[in-house]
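Subject: Structure handover

Hello,

The structure is below, for you to take over. My notes on it follow.

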Amino acid sequence: IYPSLITKDTYVGSSKSPITTIPPIIRKRNVVIKEQKAKFDSLNVEFYVIDNKIIDNDRISLNYNGDWIIENVKITDKPVRFRLKLNESGKNYLLLYTDDMGRNPPTTIGISYYYKNKKQLITLTSNQGENQLLELSVE
């Protein structure tokens, strides 16, 4: 029996619910929580990730609530799209992990999404010592 393939319209849910605490370390790197939070008006959210500064062969992984949803992917100016189903209770987070900082450290990505029908853009930065974490909240 083969596992189901994820289709373009699939929303990835968290395997851990509810999340009550944010981990201080992931993959032997400190977690830095971004002051800005991402707000949503739906539990189903679509994201687009791009290399936010210089296109320099950065490779990243993204962790959603403890699950690796994107691993070792090269980011460019062409958006990488993914969809998440947020937990109704507890915390939700998205963490940027740098696999390769490319030619111009640190790794900086832009994450865009829609909130109240307006496009939002948040940047995250990561390096070989720290992962940046974005808290996600439904209002």
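A word on terms before the notes: two strands are said to pair if DSSP finds at least two bridges between them. Strands themselves are DSSP runs (E, at least two residues), numbered from the N terminus. This is a predicted model, in which local features need pLDDT of at least 70 and side-chain atom pairs count only at pLDDT 80 or more, while totals for chains, interfaces and linings use all residues. Residues are numbered from 1 along each chain as its sequence is written, and side-chain values use heavy atoms, with hydrogens and water left out.

Confidence

pLDDT is the predictor's confidence in each residue, from 0 to 100. Its mean over the protein is 91, and 94% of the residues reach 70 or more. Residues 1-7 have pLDDT below 50, and beyond near neighbours in sequence this stretch has zero contacts in the model. Contact here means heavy atoms within 4.5 Å.

The open sheet

Five strands make up an open sheet of mixed pairing, in the order S1-S8-S5-S10-S11. Its edge strands, S1 (12-13) and S11 (118-126), each pair on one side only. S1 runs parallel to S8 (residues 80-85), joined to it by two bridges; there, Gly13 has Lys85 as its bridge partner. S8 also pairs with S5 (residues 44-51), in the antiparallel sense and over six bridges, with Phe82 as the partner of Phe47. At the other end of the order, S10 and S11 are antiparallel over nine bridges, and Ile109 stands opposite Leu124 of S11.

Strand S9

Seven of the nine residues of S9 are buried, where buried means under 20% relative accessible area, exposed over 50% and partly exposed in between (1.4 Å probe, protein chains only).

Cores

A nonpolar core is taken as a set of buried Ala, Val, Leu, Ile, Met, Phe, Trp, Tyr and Cys residues joined through side-chain atoms within 4.5 Å. The largest one has 23 residues, of which Phe47, Leu62, Ile109 and Leu136 touch the most other members. S4 (38-40), S5, S6 (59-64), S8, S9 (92-100), S10, S11 and S12 (130-138) each supply at least two of its residues. S10 gives the largest share, four residues. There is also a second, separate core of eight residues, including Ile26, Val31, Tyr93 and Leu95. As for Leu136, its contacts beyond four places in sequence include Phe40, Phe47, Leu84 and Tyr93. In soluble globular proteins, nonpolar side chains tend to be buried together.

Aromatic pairs

Rings of Phe, Tyr and Trp (its six-membered ring) pair if their centres lie within 6.5 Å; planes under 30 degrees apart count as stacked, over 60 as edge-to-face and the rest as tilted. The structure holds five such pairs. Phe40 and Tyr113 form a tilted one, at 4.7 Å centre to centre and 50° between the planes. This pair links S4 to S10, across 73 residues of chain, and both Phe40 and Tyr113 are buried. Phe47 and Phe82 are stacked, at 5.1 Å and 15°. They are 35 residues apart, in S5 and S8, and both are buried. Phe40, Phe47, Phe82 and Tyr113 together form one aromatic cluster.

Two single residues

Gly110 lies in S10 (residues 107-115) and is buried, with a relative accessible area of 1%. Leaving aside neighbours within four places in sequence, Gly110 is in contact with Tyr48, Val49, Ile50, Asn52, Leu121, Ile122 and Thr123.

Ser14 is in the loop between S1 and S2 (25-26). Its relative accessibility is 16%, so Ser14 counts as buried. A polar atom of the Ser14 side chain lies 2.7 Å from the backbone oxygen of Lys16. Not counting residues up to four places away in sequence, Ser14 touches Tyr64, Asn65, Asp67, Lys85 and Asn87. Lys85 is also the bridge partner of Gly13.

Regards

Definitions and conventions:
Polar contact = N/O pair within 3.5 Å; in protein donor to acceptor, adjacent residues only side chain to side chain.
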